[in-house]
Amino acid sequence: MKKILLYYLRPYYWRMTGGFLIKFIGTIMDLCLPWILAYMIDTVIPGKEKSQIYLWGVLMIICSVFALTFNIIANRMASKVARDTTEQIRHDLFTKITYLSNRQTDGFTKPSLISRLTTDTYHVHQMLGRIQRLGVRAPILVIGGILVTLTLDPVLTLVLISVMPFIVWITFSVSRKSIPLYTDLQQSVDQFVRLIREDMAGIRVIKALSKTDYEKQKFDVINQEVVQKERTAGITMAAVNPCMNLLLNFGLVFVILAGAYRVQMGASEVGKILAFLTYFTIILNAMMNISKMFIIISKAVASANRIVEVIETEEDMQIEPKAETIKKESAYLIFDHVTFSYNKVEPNLSDIYFSLKKGETLGIIGATGSGKSTIAQLLMRFYDPDQGTIYIEGEDIRTIPFSVLRKKFGVVFQNDTMFEDSILENIRLGRDLSFQEVQRSVEYARAKEFVEEEGRGYDNTLSIRGANLSGGQKQRIFIARALAARPNILILDDSSSALDYKTDAFLRKELREHFQTTTTILIAQRISSIMQSDHILVLEEGRMIGYGTHSELMKTCSVYREIRNSQMGKEERISDAV
């Protein structure tokens with residue numbers, strides 16, 4: 001919370017000061033009205049001078065207009081400060097999230113980051129707005145009201161003040177308990193968002209497998225958890241208002257009794273008692289607003305801590321100083337005895353070594369969970385290896401800036417993302433690519449048939465996740481996206497699983513003919529997709545159990561031979577024919 005107040009609000013200190021001053025003047029005008037009314041009842045009206053009555057009446061109207069105008073201006077200024085500050089917080093938070101390493105993203109979890117970027121920033125926005133409006137007005141009304149009542153009747157003021165310490169103690173005690181409750185609530189909301197995100201993404205699968213009731217039960221469980229924690233936090237904070245009402249109403253009863261007694265004894269006047277009751281009502285409403293503000297502040301403090309936790313997270317993948325460039329077997333890309341573990345307990349890759357010359361192709365094959373995709377993640381430095389080094393053009397990738405490193409790659413991930421945009425923008429993806437370059441990549445990816453010839457067109461808008469495309473069509477768009485910038489290194493991670501054998505074979509032919517200088521990593525389940533690669537790496541439980549060409553592995557690697565024999569022979573015939 002300290003960072004929000006000291007860093008993000010700093011550019012608006014002068015504007016806030018001006019807003020506070022305007023709000024202060026408007027609030028003072030409000031406080032003047034009951035005093036003027038009391039003076040008119042006790043002094044002006046008994047004098048029966050119409051000019052004085054009109055004069056003080058006009059003065060009340062002027063105070064009312066000033067109070068209304070100044071409060072509106074101050075509220076508009078407060079809203080602008082809250083809006084601009086929250087905009088900057090969202091910008092910095094989103095920027096930080098985009099630069100978090102995969103390990104850090106896994107630690108925070110994506111639903112939690114979404115919740116921090118939406119719900120938590122909303123709570124901070126609410127707090128910044130309310131604290132500038134009520135945070136100035138309410139205390140002034142309370143303090144100013146008490147000071148004015150002292151001038152009217154000090155004895156009655158002491159009766160009012162006697163209940164204030166109890167109100168302050170209740171507000172402080174409840175607020176201190178509520179912040180941990182709201183923090184816990186937001187963590188449950190993170191899980192709630194995760195479940196909704198998963199269900200919305202997999203709604204067709206849920207319906208297809210008739211698992212709607214099962215997902216409803218899961219939703220009910222997490223929904224009830226959120227409701228329960230929200231109820232607990234709400235009940236805790238809800239205790240403030242009734243307790244304040246009770247204390248203030250007791251005070252009001254004592255004020256009325258004492259006031260009636262003092263009027264009867266001639267120690268006070270009716271106008272003063274009327275004004276005193278008006279001030280008491282003002283103070284009561286101000287105290288209620290302060291209690292509401294504490295609820296908002298409690299939520300905002302919990303949310304601000306979660307936001308700052310992300311923003312102040314230090315990058316765990318620094319760009320290291322340049323080391324001496326190595327030359328090893330004239331290799332363009334080297335995986336030098338790399339070991340890596342996601343959980344730092346069991347290795348997901350163990351002592352992986354291979355080297356590729358520029359333009360060579362490496363095929364990677366193995367069972368599910370053998371570490372194939374992990375190699376791609378390490379190559380693009382989404383994670384750093386625990387042991388070993390990865391070199392590109394003789395440079396340790398940890399010494400290459402991320403913007404430079406990742407521009408070298410064109411990649412199709414195993415579970416890639418389609419955006420709700422045109423086909424053209426899904427391929428271009430904000431890069432400085434000409435329309436002709438996009439067209440060529442579509443042709444190389446064998447996607448021209450359904451993009452141009454079936455009348456879809458490059459401006460055709462795709463649904464979220466490409467729901468209006470088939471699996472094979474989506475994969476060809478992904479491949480076109482990867483090829484469009486003519487990358488130095490192309491990674492295709494199981495990118496042909498939804499393609500028929502013929503299209504897959506023609507795609508590999510396009511790569512051989514038009515991307516001869518591109519170093520390619522093919523991760524596949526099909527032997528036909530990788531058998532013509534210059535090198536083939538066979539993985540099993542994160543270990544290399546075979547490395548060589550297709551013919552070499554057929555002789556030396558029993559697992560590779562078993563995979564080959566288990567797949568249909570027609571794959572090889574189609575591949576050889578092409």
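Reader: Which residues in helix 11 do L156, T157 and L160 in helix 6 meet?
Author: This is a predicted model. Helix 6 spans residues 154-161 and helix 11 spans residues 270-311. From helix 6, L156, T157 and L160 take part, and their partners in helix 11 are I273, F276, F280 and I283.

Reader: How do the residues of that contact divide into nonpolar, polar and charged?
Author: The helix 6 side brings L156, T157 and L160. Leu, Ile and Phe count as nonpolar. The contact of helix 6 with helix 11 therefore divides into six nonpolar, one polar and no charged.

Reader: Is helix 6 roughly parallel or roughly antiparallel to helix 11?
Author: The axes of helix 6 and helix 11 come within 11 Å and cross at roughly 20°. Angles under 35 degrees count as roughly parallel. So the relation of helix 6 to helix 11 is roughly parallel.

Reader: And helix 3 with helix 5: roughly parallel or roughly antiparallel?
Author: Helix 3 covers residues 50-99 and helix 5 covers residues 110-152. Their axes come within 9 Å and cross at roughly 155°. The cut-off is over 145 degrees. Helix 3 and helix 5 are therefore roughly antiparallel.

Reader: What is the handedness of the crossing of helix 3 and helix 5, left-handed or right-handed?
Author: The contact of helix 3 with helix 5 has eleven nonpolar, nine polar and five charged residues. The crossing of helix 3 and helix 5 is right-handed.

Reader: Is S533 buried or exposed?
Author: S533 sits in the loop between helix 19 (527-530) and strand 9 (535-540). Its relative accessible area is 8%. Buried means under 20%. So S533 is buried.

Reader: Which residue's backbone oxygen does the side chain of S533 reach?
Author: Leaving out residues up to four places away in sequence, S533 touches T361, L362, G363 and L522. The backbone oxygen is at 2.8 Å from the S533 side chain, and it belongs to I530.

Reader: K344 is not a glycine; what is its phi?
Author: K344 lies in the loop between strand 1 (333-340) and strand 2 (349-356). With 41% relative accessibility, K344 is partly exposed. Its phi is positive, about 60°.

Reader: Is E541 buried or exposed?
Author: E541 is in the loop between strand 9 and strand 10 (543-548). E541 is not a glycine, yet has a positive phi of about 50°. Its relative accessibility is 70%. Exposed means over 50%, so E541 counts as exposed.

Note on methods. Residues numbered from 1 in each chain as written. Predicted model: local features only at pLDDT ≥ 70, side-chain atom pairs only at ≥ 80, totals over all residues. Heavy atoms only, no water. Axes fitted to C-alpha atoms, helices over the stretch in contact; angles between N-to-C directions. Helix = DSSP H or I, 4+ residues; strand = E, 2+ residues; numbered from the N terminus. Parallel < 35°, antiparallel > 145°, perpendicular 65-115°, else oblique. Left-handed = near helix turned anticlockwise from the far one by under 90°. Buried < 20%, exposed > 50% of the residue type's maximum accessible area, 1.4 Å probe, protein only. Polar contact = N/O pair within 3.5 Å; in protein donor to acceptor, adjacent residues only side chain to side chain. Contact = heavy atoms within 4.5 Å.
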